[in-house]
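Reader: I'm new to this one. Can you put it up and take me through some of its parts?

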Amino acid sequence: MENFSWLAIAPDGILLLGALGVLGAEVIWKPGHRVWAAITGGSVVLAILMALVQWNRVADQGASLHYSGPGVGLDATTPMYVLDAFSAFGGVILYSVTGLALVAAWRLVADLDTRGAEFVALTLLSAIGLHLMVASANLVMLFLSLEVASISLYVIAGFTRERIDADESAMKYFLLGSFASAVFVYGIALVFAGTGTTSIYGATGLVAHLDSSIVVQPGVLLAGIAMLIVGLGFKVSAAPFHMWAPDVYQGAPSGAVGFMSAGVKVAGFAVLARVLAVGFERRIDDWAPALAVIAVVSIVVGTAFAIAQTDLKRMLAYSGVAHAGFIATGLVAGVDGIPAIWFYVATYAIQLIGAFTVVSVVGSHTGGASAIADYSGLAQRRPALAALLATMMLAMAGIPLTSGFIGKAAVFTAAIDAGYLWLAIAALVAAVAGLYFYLNVIVVMYMRAPALAEGPGAAVATPEAGPTDRAVLAVAGALTIVLGIIPWPLLNAARDALPL
Amino acid sequence: MFPVIAFLVLIPAVAAAVVMVVPRRELVLPIGVALSLLPLGVAGYITWEFQKGEAGFQFAEQVTWYEPWGIGWNVGIDGVSLLLIGLTALLIPISLVASTAITERVKLYVASMLVLETGLLGVFVSLDLLVFFVFFEIVLVPMYLLIGIWGSGNRIYAAVKFFIYTAFGSALLLAGILALGIMAGDQTGSPSFDYETLLTLDISTTAQRWLFLGFALAFAIKVPLFPLHTWLPDAHTEAPTAGSVILAGVLLKLGTYGFIRFNLTLFPQATVDWAPWIAAIAVFGIIYGAVVAIVQPDVKRLVAYSSVSHLGFIVLGIFALTNQGLQGGVIQMVNHGLATGALFLLIGMVYERRHTRQISDFGGLARVMPVYAGFFLFTAFASIGLPGLNGFIGEFKVLLGSYLTLPGHAIVAAFGVVLAAVYLLWAYERMFTGPVDKPENSGLRDLRPREIAVLVPIAALIVFLGVYPKPALERIEPSVLHILERIEATTDYEVPDFGRTLELAEEGDG
């Protein structure tokens, strides 16, 4: 246990206590959602603080390996879990996203009555899983973290069970997600077969092994890498593994979709970065072209299908596919692309939460439906909501003076620097096609007359955003604009947030 | 030193924020107009303080923003950008004053105009390519809103087409800029988007060609050059009056400005190789735009197509690669902005009265609106290039300059001047002369004092630049010569002697 430090697991431990605290309090005292809010808020804030302490510690003393133990092919220096700048930064981002998402979902939580506690606890558990993914230094550990995160999300996806499409959403997510997990495990097995280890670091880890030995069966290793990419590609909804996303997003409660989509994107790409760019750095010529193809396919498929959508949540799901492609564009640069990816996922996560919060406010009146037609004339009914959604759309489209532009510039620069100019050009051109559906939302909100009393679900009177919604929207809007004009603090931090 | 350029660019953005919180809606437009006079004042100060005879960038400001990317607030003004800045600062208040017909969502409207001004001014002063791109792209958003919200009939189609069409060009421009920045990193050790640093790079001819293409496509769409012009008639026609004025007056010049500022200097070899071809496309555009303009039944569309023709002249002048051609191109940017801006204002005024823009709906307007007819004819003459008015100076210089290097092009282009007389004067004849045969037209009111006040500054400048263009030209010339020297130094192209020595001798005397 000499290699163990409490600091390394402190944030996750605090969140676990928070999750158990909310559940326990609800079972014993039934105190209502204000007490849950206090417990959750306290634990999330503490977790963020601990992650910042970690960040400082790592900056002062360098990264450290933690929690190793005997196991298959493991010795004392092969850790399960690492504390490095990468995991600390990931912690700050993920917990902040979780906190923001929970505030955004709080109206839903309060409405859910006693089940709200379960929702909060599941979200926190999922956040723990997501962060453990980022910090995992062993593929088996990574798989376990992935499952912790995913299983919680499967339940959240179907949480509003009174809605018909919630069942479809949860079922689809669960079945396809399990399938992807199975592929992922198979990938781990093949990597183990090819190299004899599942650990990334340490004397017998993947990095050391690929550095020092000849891979006897390269085909097995390549198949393993491919399956890892497929499994993670599913989680981050990269095409062609994206089929679940639109249905799941549409059926899941709007208040929760922001977290589902944003958190998984952050953690999923962080894991891809650690496993591929670090673990298989020696094999970058094998996986980078494959990833480049996935990037192009994702961008094209995501954009093309998003254009055809009439439902905002489905459109955002497909746009998420395209965004997965843009982020993958940065990943082809290997370790050099990691700062760009961090910036992109962090700002995109904020945009997603902002956008889905608007969806949840507008949709709260229409039983959770989110037809784009419902937004017609929103600029006249609720100027602030419309302005915010418009900002998010412009940011996702990558218009300058929003964080989305800086993110795109960062990943494309990384790709060009790595010699993938064709990929950057393809992505840039596709991004222009993507403008069509982002602009369409603005067209509907600002340039069409309000669709008063037109058909079922017509937005007769969009409700006002509640105080929690307003808080989230203010934060998301401010961050999106400020990071678009002064991105340096986050960019600088991201440059230091490299994995071991 | 006082950061006058930062001030100039920021005032409209701050003004936009101020306008958004004005409590009473009837105050929004007056306050917007008042605030938009501030940048005009600053631009006036800059024009006054601008040292003529100097080729380099003046009022330069350099602040590094982000070292690892080599990006910073590098700005400066030279003879090419000076007049365009003045034009922008002048046309914004004028179009705001002419916007009293806007009654819906006035706050957003005025704020959009002011944000648009920030974007346009930013483009003209930026010497950091990434910052240039940011301003170049951000211009699209307010213009998109202006067309889409306050436009006429087919506005949404026009707005989306405008945005996506021009953003497509920007995509390749961004790829080119990023590639240049990385190239700077390879050659100097740290990536840089600073224009003057990029000038020192050694770019192979192949790379120059690709980069030239990436930049040129973006600028050609913006200009627009045939056959990339199809967004323009829709956008111009559907935009509200102020939108059309700014679109034609300033926005199109972003393209020609980009050609001069970046293509000519950063990729001189590719420029020299391809100049005749681009000039040929421009000449085709001159004739094509003019011929199509003749047959337009909608007067606003007619002026829109006339822009295609006029911008062809500017591009021809630029790619003639002579002193006169480039000077003519730069001054013609301003001239076209003034004349076409005034034409769109005039069309907007009659549209407010009659709610139609079909030429066939008018006739005999000179009898009911004599002042209006006078202004229209005057502006049309300026646009045609009547000697004594500003258009003549520009077109003459362009034709002279291009005749030195591309005589065939110049001869064909000269027909464009004739065709301009055909489409504008024929339109004038159908709208203004003859009897008043439509009863709707008989009761039309002539121009109000406010409308005259809007037109007078433009008309005065048209006459001034037509009679006494020297102050403008002597500020443009050193910068233009500097560009040509750069091309001569890096390629084996030689500027024809007539294009240089005479003017230099003149300067030595004075």
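This is a predicted model: local features need pLDDT of at least 70, side-chain atom pairs count only at pLDDT 80 or more; totals for chains, interfaces and linings use all residues.

Author: A term to begin with: helices, of at least four residues, and strands, of at least two, are DSSP runs numbered from the N terminus.

Reader: What is phi of B:Leu321 near?

Author: Phi of B:Leu321 is near 55°, which is a positive value in a residue other than glycine. Most residues other than glycine have a negative phi.

Reader: Is B:Leu321 buried or exposed?

Author: B:Leu321 has 29 other C-beta atoms within 10 Å. The cut-off for buried is 20 or more, so B:Leu321 counts as buried.

Reader: And chain A, which residue other than glycine has a positive phi there?

Author: One of them is A:Lys30, with phi near 45°. A:Lys30 sits in the loop between helix H1 (6–28) and helix H2 (33–61) of chain A.

Reader: Buried or exposed, that A:Lys30?

Author: Exposed: A:Lys30 has 10 other C-beta atoms within 10 Å, and the cut-off for exposed is 12 or fewer.

Reader: Different topic. Which residues does a cis peptide bond join in chain A?

Author: A:Ala239 and A:Pro240 are joined by one, with omega about 0°. A:Pro240 belongs to the loop between helix H8 (218–235) and helix H9 (244–251) of chain A.

Reader: What about the peptide bond from B:Phe226 to B:Pro227?

Author: That bond is cis too, with omega near 0°. B:Pro227 is in the loop between helix H9 (205–222) and helix H10 (231–238) of chain B. For background, most peptide bonds are trans.

Reader: Now the contact between the chains. How many residues does each chain give?

Author: Chain A gives 25 residues and chain B gives 23 residues. On the side of chain A that touches chain B, the elements giving two or more residues are H16, helix H17 (421–447) and helix H19 (488–496) of chain A.

Reader: Which of them has the largest share?

Author: H17(A), with 13 residues. By class, this side of chain A has 22 nonpolar residues, one polar and two charged.

Reader: Tell me about H16(A). How many residues does it have?

Author: H16(A) covers residues 403–417, which is 15 residues. From first C-alpha to last, H16(A) reaches 21 Å, close to the 21 Å expected at 1.5 Å a residue. Since 15 of its 15 residues are buried, H16(A) is largely enclosed by the rest of the structure. A:Gly419 follows H16(A) and has a positive phi, near 90°.

Reader: And H19(A), how does it lie against H13(A)?

Author: Helix H13 (residues 338–363) of chain A and H19(A) cross at roughly 130°, and their axes come within 8 Å. The two helices are therefore oblique to each other, and the crossing is right-handed. H13(A) makes the contact with A:Pro339, A:Trp342, A:Phe343 and A:Ala346, and H19(A) with A:Leu490, A:Leu491, A:Ala494 and A:Arg495. Seven of these residues are nonpolar, none is polar and one is charged.

Reader: Back to chain B. At what angle do H13(B) and H18(B) pack?

Author: At about 160°, with the axes 11 Å apart; H13(B) is residues 299–319 and H18(B) is residues 407–432. H13(B) and H18(B) are therefore roughly antiparallel. H13(B) passes H18(B) in a left-handed crossing. Residues in the contact include B:Ser306 and B:Phe313 of H13(B) and B:Gly416 and B:Tyr423 of H18(B).

Reader: Then H12(B) with H18(B), what is the angle there?

Author: About 20°, with the axes of helix H12 (residues 268–294) of chain B and H18(B) 9 Å apart. This pair is therefore roughly parallel, and the crossing is left-handed. Among the residues in contact are B:Ala279 and B:Val283 of H12(B) and B:Gly416 and B:Trp426 of H18(B). The contact has 17 nonpolar residues, two polar and no charged.

Reader: Last one. Where is B:Gly72?

Author: In strand E2 (residues 71–77) of chain B. B:Gly72 is buried, with 20 other C-beta atoms within 10 Å. Not counting residues up to four places away in sequence, B:Gly72 touches residues including B:Gln62, B:Trp65, B:Asp128 and B:Asp194.

Definitions and conventions
Residues are numbered from 1 along each chain as its sequence is written. Chains are lettered from A and ligands numbered from 1 in the order in which they are written. The expected span of a helix is 1.5 Å times one less than its number of residues. Two residues are in contact if their C-beta atoms, placed from the backbone, lie within 7 Å. Ala, Val, Leu, Ile, Met, Phe, Trp, Tyr, Cys and Pro count as nonpolar, Asp, Glu, Lys and Arg as charged, and the others, Gly among them, as polar. Axes are lines fitted to C-alpha atoms, for helices over the stretch in contact, and angles run from 0 to 180 degrees between N-to-C directions. Angles under 35 degrees count as roughly parallel, over 145 as roughly antiparallel, 65 to 115 as roughly perpendicular and the rest as oblique. A crossing is left-handed if the near helix is turned anticlockwise from the far one by less than a right angle, and right-handed if clockwise.
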